[in-house]
Structure formats: C-alpha cells, structure tokens
Amino acid sequence: MNTLSRRKLITGGLAAGAGLTGLAVAARLAKAYGLLPPDAGGIFGPGETLTYAAQRLLTAHAPQRNFPRSMISQNPFAVPIAPPTDAFKRSQALGFKDWRLTVDGMVARPTSFSIADLRSLPIRNQITEVACEEGWSYVAEWIGTPLSEVLHEVGVLPQARYIVYFSIEPGEWESIDMADALHPQTFLTMGMNDGDLPVAFGGPLRLRVPRQLGYKSIKFLQHITVTDSMKKFGQGLGSASPEIGYAWFAGI
Ligand SMILES: Nc1nc2c(c(=O)[nH]1)N[C@H]1C(S)=C(S)[C@@H](COP(=O)(O)O)O[C@H]1N2
Ligand SMILES: [Mo]
C-alpha cells in the first residue's frame, strides 16, 4: 500500500467513525467560517445551513432582478394586517410627522430619524418582486434610501454581525446579516409606485429586503438595533419566523 491511499483510508475511516455525512462536514465548515444562520439546529437542518452558506459564498453581492416598468403589477396584493392601534391612527392623522426610526445597538452614534430626515438621504428606486412563502407575488416600484446610508450615518462598529428590526406591530420583528443589510437593494422604503408608501403596504416606513421572501420585508418599521449575536433576542433563533417554523434565512 502506498502512502497516498493509506492516508485516504485513514481519513475515510475517521469520517465514517465519527458518523459524519458530507452535509454535516459542510455544516462544520460553515460554522468554522461564521456562516451558520442563527436558527441552525446543530447537525439538524444542515440543508438550510448549506443554503445560507452557499448563498453567502457564491452570491453575497448578487442583485435580485430589477423588472422593467411595464411589469409593475396593476393590482398588487397587500396581506391583510391587524387593525391599526390608536397610537398609529394619531400618527397617521399627523401625516406621520411624529414617526421616528430609532437606530441603536453597536453603533457609534445612536440616532432617531424622522421620515423627513430619511428623505434627505440619497433616494433610490428599484422595481422588484415581493414573494410570499404562500406562493403569490407582485412587482412594484419601491422608493427609499438604502439601509447602508443610515448605517453609515450611525457608524456601525466593526464587531456588528446582524441588524434586528422591529415593527410598531407587536411580535413583528426580523433580522438580517450585514451582507444583506449593506446590500444596495435593501431599502428603507417611503414610496411605492410614484406615491407615498400606502399604509396597507407598510407605510410610512418599510424595510424592503428583495433578496429574501416577503416576510423579511417588515411593515411599519420603528426600531433597528445592531448586534453581534442573535442570542439575546426572542428565543435566540434570529427572528419571530423560526419561532413559528419558518427559516430565518429566506433567500430567493
Ligand atoms: N408589520 C408586518 N409586516 C409584514 C407582515 C405583517 O403581517 N406585519 N407580513 C409579512 C408577509 S408574510 C409578507 S408575504 C409581506 C407581504 O407584503 P404585502 O402586504 O406588500 O403583499 O409582508 C410582510 N411584512
Ligand atoms: Mo408572507
């Protein structure tokens, strides 16, 4: 037996002895390289871990499709939302002039932004799809400022890994990693199809995350916090979605 095949045998034997499948090995590599999603359940769910790791390694900066204007949906479907609270209605009566987006956590300059403050940042538009996990989708034009502009304003600290974002609607919160947070299509959205963002679609402020399923695009955005770990939020799985059985990473 030559040295090479002997070494192969030993390596193979080690892997078999430890009961490691290829997926589990990949999951270990993913962990070693910081590519584990917060809802990864050890060696359970290595498939989801791989989806996230593969996306991050291969397509970290890939844009979602930007549609031509002719493909904007005529009757976009708004998922019915809970009836607005009195506090929300008061703010709406004021034209949302008192609405604030608070950005805090691992930042150099915690800041509270009004809608007018956000409008004074560089404004961009994109024509992208909202795809719900239940199977339907629509295309709309979204107008807003890239989240990266706000993160730049507040000065994200180097150890930051995720941004966690909360709706005024109780129980509606999500998080994304810094690759998605800094992606140019991740928008703080104030406008839709040439008008203000309607309340039914999350107005006055929605985080659009077009590279992931609709449930990551939280409506009535009120608070963003920057963190190095998801352990301290909710059940520590990254967002409200995995707590009810949906994947934290919903890349499309
Ligand atoms: N605050 C809040 N944001 C939300 C939801 C919600 O119920 N409340 N539903 C989510 C889900 S499951 C989807 S698919 C999209 C739907 O977006 P649409 O209403 O623009 O179609 O919004 C997401 N954002
Ligand atoms: Mo959804």
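Q: Where is Asn193 found?
A: In this predicted model, Asn193 is found in the loop between strand 7 (187–192) and strand 8. Strands here are DSSP runs of E with at least two residues, helices are runs of H or I with at least four, and both are numbered from the N terminus. By that count the chain has eight helices and 10 strands.

Q: What makes Asn193 count as partly exposed?
A: Asn193 has 28% relative accessibility. Buried means under 20% relative accessible area, exposed means over 50%, and partly exposed is in between (1.4 Å probe, protein chains only). Since 28% falls in between, Asn193 counts as partly exposed.

Q: What about the phi of Asn193?
A: Asn193 has a positive phi of about 45° although it is not a glycine. Most residues other than glycine have a negative phi.

Q: Which loop holds Phe96, and why does Phe96 count as buried?
A: Phe96 is placed in the loop between helix 4 (86–93) and strand 1 (101–105). At 13% relative accessibility it is under the 20% limit, so Phe96 counts as buried. Phe96 also has a positive phi, about 60°, although it is not a glycine.

Q: What is the peptide bond from Gly203 to Pro204, cis or trans?
A: That bond is cis, with omega near 15°. Most peptide bonds are trans. Pro204 lies in the loop between strand 8 (195–196) and strand 9 (206–208).

Q: Why is Thr145 called buried?
A: Thr145 has a relative accessible area of 0%, which is under 20%, so the label is buried. Thr145 is found in strand 4 (residues 137–146). Contact means heavy atoms within 4.5 Å, and, not counting residues up to four places away in sequence, Thr145 touches Leu118, Leu121, Pro122, Ile123, Val150, Thr186, Phe187, Leu188 and Met190.

Q: How do you know that the side chain of Thr145 reaches the backbone oxygen of Pro122?
A: The distance is 2.7 Å. A polar contact is a pair of N or O atoms within 3.5 Å; within protein, one must be able to donate a hydrogen and the other to accept it, and residues adjacent in sequence count only if both atoms are side-chain atoms. The 2.7 Å pair of Thr145 and Pro122 is therefore within the 3.5 Å cut-off.

Q: What makes Thr227 count as buried?
A: Thr227 has 2% relative accessibility, under the 20% limit, so it counts as buried. Thr227 has its place in strand 10 (residues 221–227). A polar atom of its side chain is 2.9 Å from the backbone oxygen of Ser229. Leaving aside its neighbours within four places in sequence, Thr227 is in contact with residues including Met106, Tyr162 and Phe233.

Q: Why is Ser241 called buried?
A: Its relative accessible area is 8%, which is under 20%, so Ser241 is buried. Ser241 lies in helix 8 (residues 240–243). The C-alpha atoms of Ser241 and Gly171 are separated by 9.9 Å, with the two residues 70 residues apart along the chain.

Q: Which residues around ligand 1 come nearest?
A: Phe77, Val79, Tyr138, Arg206 and Lys219 come nearest, out of 19 residues around the ligand; a residue is near if one of its heavy atoms lies within 4 Å.

Q: How do you know that Lys219 has a polar side-chain atom by an oxygen atom of ligand 1?
A: The pair lies 2.5 Å apart. An oxygen atom of ligand 1 is also 2.7 Å from a polar backbone atom of Phe77, and a nitrogen atom of ligand 1 is 2.9 Å from a polar backbone atom of Ser217. The protein covers 92% of the 530 Å² of accessible area that ligand 1 has on its own (Shrake-Rupley, 1.4 Å probe).

Q: How are residues, chains and ligands numbered or lettered here, and what are the pLDDT limits?
A: Residues are numbered from 1 along each chain as its sequence is written, while chains are lettered from A and ligands numbered from 1 in the order written. As this is a predicted model, local features need pLDDT of at least 70 and side-chain atom pairs count only at pLDDT 80 or more, whereas totals for chains, interfaces and linings use all residues; side-chain values use heavy atoms, with hydrogens and water left out.
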